[in-house]
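Reader: Could you please help me understand the structure that I have to study? I should like to go through it step by step.

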Amino acid sequence: MSGLVIAMLLAQLDNMIVAPALPTIVGDLGGLEHLSWVTTGYILATTVATPIWGKLGDLFGRRITFVSAVALFLVGSMLCGMAQNMAELIAFRAVQGLGAGGLMVGVLSIIGEMIPPTDRSKYQGVMMAVMPVAMIGGPLIGGFITDHLDWRWAFYVNLPLGLVTLVVSWITLARLPRGTGRARIDWFGTALLTVWITSLVLIATWGGTQYDWDSPQILGLAALTVAGLVAFIVVERRQAEPIMPLHIFANRNFVLAGGIAFISGFALFGAIGYLPQYQQFVQGASATNSGLLLMPLMAAVMVVSIAAGQIIGRTGKYRIFPIVGSALVATGMFLFATVDTGTSQTATALYMVVLGAGMGCLMQTSTLIAQNSLELRDIGAGTGASTFLRNMGSSLGVSILGAIYTHHLTASLTESAAGGTGSGPGEIASMTPAMLKSMPEAVRHAFQQAVTDGISHLFLWGSMVAAAGIVVALFIRQVALRGSKPAAKPEPALSDAN
């Protein structure tokens, strides 16, 4: 557990450290239109890599695959710190993401292999509590680095902690099974998975912004997405060692838990990724203070996650948590959709508590339900698939919500510039919070109003997606948690349940 806790801390710190630095990074490297790709590139690579790492862990053992993922993550971190332009940064973030895909699925799979379901919620509750600790410490560290050092140290700071993770994990995970070592890697399935996911994210990113929805580029990507998905399903059904075993999707609770994971990933990264924009540009917070202002969100996630883990461990009842959590997430995001340029930090803190409480109910529960629905031999692949769905939700959430934010921000600034009161679109890409403070009052007000318009529309759409989680959660069935005997039969398939 000591090795896993450090690894989870490493995985979660990265995005949290980078978020407060994004306004400064964009101002330094330029390219506001590519802002979402700093996060999307990372999450997209993580999404593609997650089921691969999960399957490799099943085949070759958790220890070697987990340590390899940590090493790749560190290489990506070092390269990100050396980036000279936005294109390089996005590419190196993708390298980071390939390693990060093995961190999360590795931690959850190792816990799934070591701990029986009746006790797993307690351990996962502690592990999920590490995430808010990282989320609280990450923005503080990232803000401090941005204000007092250079934003590149937001990536270099991963290196010492990563080296500790490598050493501790290699020592403490020595007794884990080594795996069979005899495997046929599903490279064709992996390639098809990469194709259709990338095409889908490009549609979400470019549709209605860079290209019209009925343009040849978007229609071509849509056709490629459908063809890639169909081909992926056909190939996976015929593979002896598929990268994503399709039979796990025959279980209703697993599918529903995956849906909850998808929606929660969509909501969380929308909140974390873009709230610092509002806090720094509109509420006037420094990068460090914007990290502090996220503490109500993270504290609520931590407290509720630990409490939910304890309650589930004692009672074995978990169905209520996805329902309540989805309702709280939808409510919290809708509250953020009502912000304006005069909304106080106290009000946004209360909104964060609501959103964080919802996330605390969802994050570990979705993984627990998914793992409890599978046999032990499918834990790695199943955890990888569940994490894949959460990451895919994050990829689409960042892309779609980022496109909405950028569209409304640019449209508002263009309108104000036409009236002679604001800055033109050419000035947006290089705007930083420090530069904004030196602008004339009219320009400053126009820019703040534009950011607020983007944020409110972003969260309005996010709240509608989160509301769909309530419907999904209502169909989850309460199935008894399996005890310490891992050979217990999983929940009936869809055809049997009907």
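Reader: How many residues are in the protein, and what percentage of them are buried?

Author: The protein has 498 residues, and 58% of them are buried. Buried means under 20% relative accessible area, exposed means over 50%, and partly exposed lies in between, with a 1.4 Å probe and protein chains only. Please note that this is a predicted model, in which local features need pLDDT of at least 70 and side-chain atom pairs count only at pLDDT 80 or more, while totals for chains, interfaces and linings use all residues. Residues are numbered from 1 along each chain as its sequence is written, and side-chain values use heavy atoms, with hydrogens and water left out.

Reader: What is the average pLDDT of the protein?

Author: The average is 76, and 79% of the residues score at least 70. pLDDT is the predictor's confidence in each residue, from 0 to 100.

Reader: And where is confidence lowest and highest?

Author: Confidence is lowest in helix α19 (residues 494-497), with a mean of 44, and highest in helix α13 (residues 320-336), at 90. Over residues 484-498, pLDDT stays under 50. Where pLDDT is low, the predicted coordinates should not be read in detail.

Reader: How many helices and strands are there?

Author: The protein has 19 helices and zero strands. Both are DSSP runs numbered from the N terminus: helices are H or I with at least four residues, and strands are E with at least two.

Reader: Which residues does L74 touch?

Author: L74, in helix α3 (residues 62-81), touches N158, L159, G162, L163 and L166, not counting residues up to four places away in sequence. Contact means heavy atoms within 4.5 Å. L74 counts as buried because its relative accessibility is 9%. The C-alpha atoms of L74 and L10 are separated by 9.9 Å, and these residues lie 64 apart along the chain.

Reader: What share of contacts joins residues at least 24 apart?

Author: That share is 84%, among contacts between residues at least 6 apart in sequence.

Reader: Is E236 buried or exposed?

Author: E236 is buried, since its relative accessible area is 3%. E236 has its place in helix α9 (residues 216-238). Beyond four places in sequence, the residues that E236 touches include D186, G189 and P242.

Reader: Changing topic, which residues form the nonpolar patch on the surface?

Author: The patch is formed by I64, V167, W170 and I171, which together have about 390 Å² of accessible area. Helix α7 (residues 158-172) gives the most to this patch, with three residues. I171 is found in helix α7, and I171 counts as exposed because its relative accessibility is 57%. Accessible areas come from the Shrake-Rupley method with a 1.4 Å probe, and for residues, only the protein chains shown count as cover.

Reader: Last one: how many disulfides does the structure hold?

Author: The structure holds zero disulfides, a disulfide being a pair of cysteine sulfur atoms within 2.5 Å. C80 counts as buried at 0% relative accessibility, and C361 is buried at 7%.

Terms used: Patches are made of residues with over 30% relative accessible area and no salt bridge: like charges are joined within 9 Å, nonpolar side chains (Val, Leu, Ile, Met, Phe, Trp, Tyr) within 5 Å. A salt bridge is a side-chain nitrogen of Lys or Arg within 4 Å of a carboxyl oxygen of Asp or Glu.
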